[in-house]
Amino acid sequence: MTYRNMAVVLDGSEPILATRVGVDFSTKNQVKRQLGANIDAGDQLRFNGDVDCKIGLDFLVRTSDGSNDFVDFLFDSFHNTGQNSMILNVGGNIYNSCFIDSFSLTVRPFEPVMGNATFSSYDPRDSVLTGANTLLDSHLATEDVVYGHNCLLSGAGNVVASDIINELSYNKTYSRTPIYTLGSQQATSQIVDGVEVDMNVQS
């Protein structure tokens, strides 16, 4: 299995031009220790929470005829400001109940516009990693990649002149609280506690 079998698709939309994908699992456990009881070598841990599944990806920003279909998951209108779940496919692996945690964009002259996004999956795949034999060459047209020298900052007013900017970075972070109900091992809903935006301009 090679990287060619690991296309990244979100909610069935156009494939994302991902250059790296990382999936990290972590468990919430604590050591069992009771006064006056011997340590059981085969039963030393208790779990006190859901399994965390964090998915991070780096990607190139692209567009076709002005369409934002390739990066529409970055818009609040797509996921209702972080409240709606999404389905993320990495190759043949399906990660359900994905919520966006953060994303960032970096714009520099004569370089492709690079993005980074992180997601939390509350219903991840629990089987062996698999690839997908989907032909994607027609979707990976590099002439559609957006370059920094073709971008323009507007609406800055008197803060900074657009013709002297040499780098721009945009970061957006969503903080949320998962809601667990009796009888469910997975979060049944999410409450968005806040959204923070940070934009840095170098000139």
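Let's start with Cys-151. Its relative accessibility is 34%, so Cys-151 counts as partly exposed. Keep in mind that this is a predicted model.

Buried or exposed? Cys-53 is buried, because its relative accessible area is 2% and the cut-off for buried is under 20%.

Next, disulfides. What is a disulfide? It is a covalent bond that joins the sulfur atoms of two cysteines. To count one here, we ask for two cysteine sulfur atoms within 2.5 Å. How many disulfides does that rule give? The count is 0. Take Cys-53 again. Its nearest cysteine sulfur belongs to Cys-98, and that sulfur is 6.9 Å away. The cut-off is within 2.5 Å, so Cys-53 is in no disulfide.

On to the backbone. Most residues other than glycine have a negative phi. Two residues here are worth a look.

The first stop is Asn-80. This residue is not a glycine, yet its phi is positive, at about 55°. Where does Asn-80 lie? Look in the loop between helix H1, residues 76-79, and strand E6, residues 86-90. Asn-80 has a relative accessibility of 37%, so it counts as partly exposed.

The next stop is Phe-110. Phe-110 is not a glycine either, and its phi is positive, about 60°. Find Phe-110 in the loop that runs between strand E7 (93-107) and strand E8 (114-123). Is Phe-110 buried or exposed? Phe-110 is exposed, because its relative accessible area is 66% and exposed means over 50%.

To recap: Asn-80 has a positive phi, Phe-110 has a positive phi, and the disulfide count is 0.

Technical notes
Residues numbered from 1 in each chain as written. Predicted model: local features only at pLDDT ≥ 70, side-chain atom pairs only at ≥ 80, totals over all residues. Heavy atoms only, no water. Helix = DSSP H or I, 4+ residues; strand = E, 2+ residues; numbered from the N terminus. Buried < 20%, exposed > 50% of the residue type's maximum accessible area, 1.4 Å probe, protein only.
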